[in-house]
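Have the 3D view open as you read.

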Amino acid sequence: MIDKWEIVIGCEIHTQLLTKTKAFCACENRYGGMPDTRVCPVCLGLPGAMPRISKGYVELGAVAGQALNCNIARFTKFDRKHYFYPDLAKGYQITQYDIPLCTDGYVDLPFRSYPKDEQPGGAKCRPQNFKGEDCIVGDGKYRRVRVERIHLEEDVGKSLHLQGAHSYIDYNRCGTPLIEIVTKPDMTSPEEAALFMQTVQEILRYVKVTNGNLEEGNMRCDANINLNVWEDGKLWHTPISEIKNLNSFKAIRDACTYEAQRQLKEFQEDRQEFNPGFKVTMGWDEEKGQTVVQRTKNSFVDYRFTTEPDIKPFTVSEELIATAKEKVGELPEAKRQRYKAQYGMTDFDVETITSTRDLALFFEDAATKSKNPKRAVNLILAELLAVLNEKKIAITDISLTPAHIAELADALEDGKITSKQGKEVFAEMLSTNKMPSAIIKEKGMEVVSDAGEIDKIVQDVIAANPKAIEDWKGGKTNVVGWLMGQVMKQSHGKANPKQATELLNKHLAAL
């Protein structure tokens, strides 16, 4: 009888890099286009063609390694991984085997993104990884997933399964520079595996290593999953399944959830045990919602790894590593914690404002220039992001600058304009790119804050509306709002609302 069981997941994330050219040739590195138009003898592996490493390729790999807290190798090399597949024109892939560029890193996942019962103190929280090490870090705020290695390799072509009896191959993608991020088997649920990939995507986009567009295939995940099963006091490990090419967070969750149940059923039927040299490769049929067997493989023997003979082993300079570290800068989670402490922002606000590095830097510039950073963030969240979302553009595609936002925030903070006028100024600013001060002056919007002038308007309104005053004396308190409306109308919307309210209440109290 099964006492209990648990899921064990490790991920291999393949990420295309944002280099101008392919990994080992001068072909343009770009998504899409007419099939088989961006290929050459090098990326097709034709006889006599010699690959050559670009410095930018290695540097972006080092940036990724620094961002995921890895050690960067000072000496490394490339290897050949042999296997047959139609989209692999050469019959082998240039990759790294025993001396990867990056090793021994980690990613910390915030517990605020976990269900309550998986957070510290919850019934499903696992405080240790499968090596027996404590994996709850940062005063209980994060769960650590270890990164075993990040290695450089080239992508393969793309199989096109169109309608009809044939499949086609587009070789434009072959030779595209990749990094493969390999984790330890530290994840304990399909949801955690999806969160891990989402966090890695965010980090690598932040440091401008990749576009990270799952729908374009330039980031995809292979999930290695098996189960620990306790039956009659004995611990069993089921065989590992590697689910290939998962290209959405939903696919990771759904595929791992299905595969866990499939493995449990298989274990109950024939008690297959884990073999470290054996793995089943599975595909994910999204339409049917189930995994399907693609092939079996016996460890690395099948791949016949050899050192790449056409590329010499090479050293990685301290200068390159220092440059990579500088390019990483402050990562999104560190920014969130700083913003909360520095500006008193909520979790929702910091999650939104740090969604991209460009947006975070835009906000910081606006916050620095404005008197009240909270005003600046409110304008960005309520007004600017609404425009970006509606037009489906990025912050870098808009003509407004942080100075525009800061000046409008200060006008609102100083009471020069009302919040309603602020929306009008923002709309005008967006269409003309004029500074808020110029718009306020042109439209005669500046709020009247002269107490004497406002007091005269208030007294005139009271004198002109004796019936409303009698209603107020009779207990109709809603009359105050109506009277305020008359004050704003008489001042053409320019009276400082706060001062006008105080003066109106003062005169009414004296009646």
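A search of the whole structure, which is a predicted model, finds 13 aromatic pairs.

**Phenylalanine 24 and tyrosine 57**
- The ring centres of phenylalanine 24 and tyrosine 57 are 5.8 Å apart, and their planes meet at 80°, so this pair is edge-to-face.
- Phenylalanine 24 is found in the loop between strand 1 (2-16) and helix 1 (41-44), while tyrosine 57 belongs to helix 2 (residues 55-67), so the pair ties together parts that are 33 residues apart in sequence.
- Phenylalanine 24 and tyrosine 57 are both buried.

**Tryptophan 236 and phenylalanine 267**
- With centres 5.4 Å apart and planes at 70°, the rings of tryptophan 236 and phenylalanine 267 form a pair that is edge-to-face.
- Strand 13 (residues 234-237) holds tryptophan 236 and helix 4 (residues 249-270) holds phenylalanine 267, so this pair ties together parts that are 31 residues apart in sequence.
- Tryptophan 236 has a relative accessible area of 13%, which is under 20%, so this residue is buried.
- Phenylalanine 267 is also buried, and its relative accessible area is 1%.

**A cluster of rings**
- Phe24 and Tyr57 turn up again here: ring pairs link them with Phe78 and Phe314 into a cluster.

**Lysines over rings**
- Lysine 4 lies over the face of tryptophan 230, at 4.5 Å from the ring centre.
- Lysine 81 has its charged end over the ring of tyrosine 303, 4.4 Å from the centre of that ring.

Key. Residues numbered from 1 in each chain as written. Predicted model: local features only at pLDDT ≥ 70, side-chain atom pairs only at ≥ 80, totals over all residues. Heavy atoms only, no water. Phe/Tyr/Trp six-rings, centres within 6.5 Å; stacked < 30°, edge-to-face > 60°. Helix = DSSP H or I, 4+ residues; strand = E, 2+ residues; numbered from the N terminus. Buried < 20%, exposed > 50% of the residue type's maximum accessible area, 1.4 Å probe, protein only. Lys NZ or Arg CZ within 6 Å of the ring centre and 35° of its normal.
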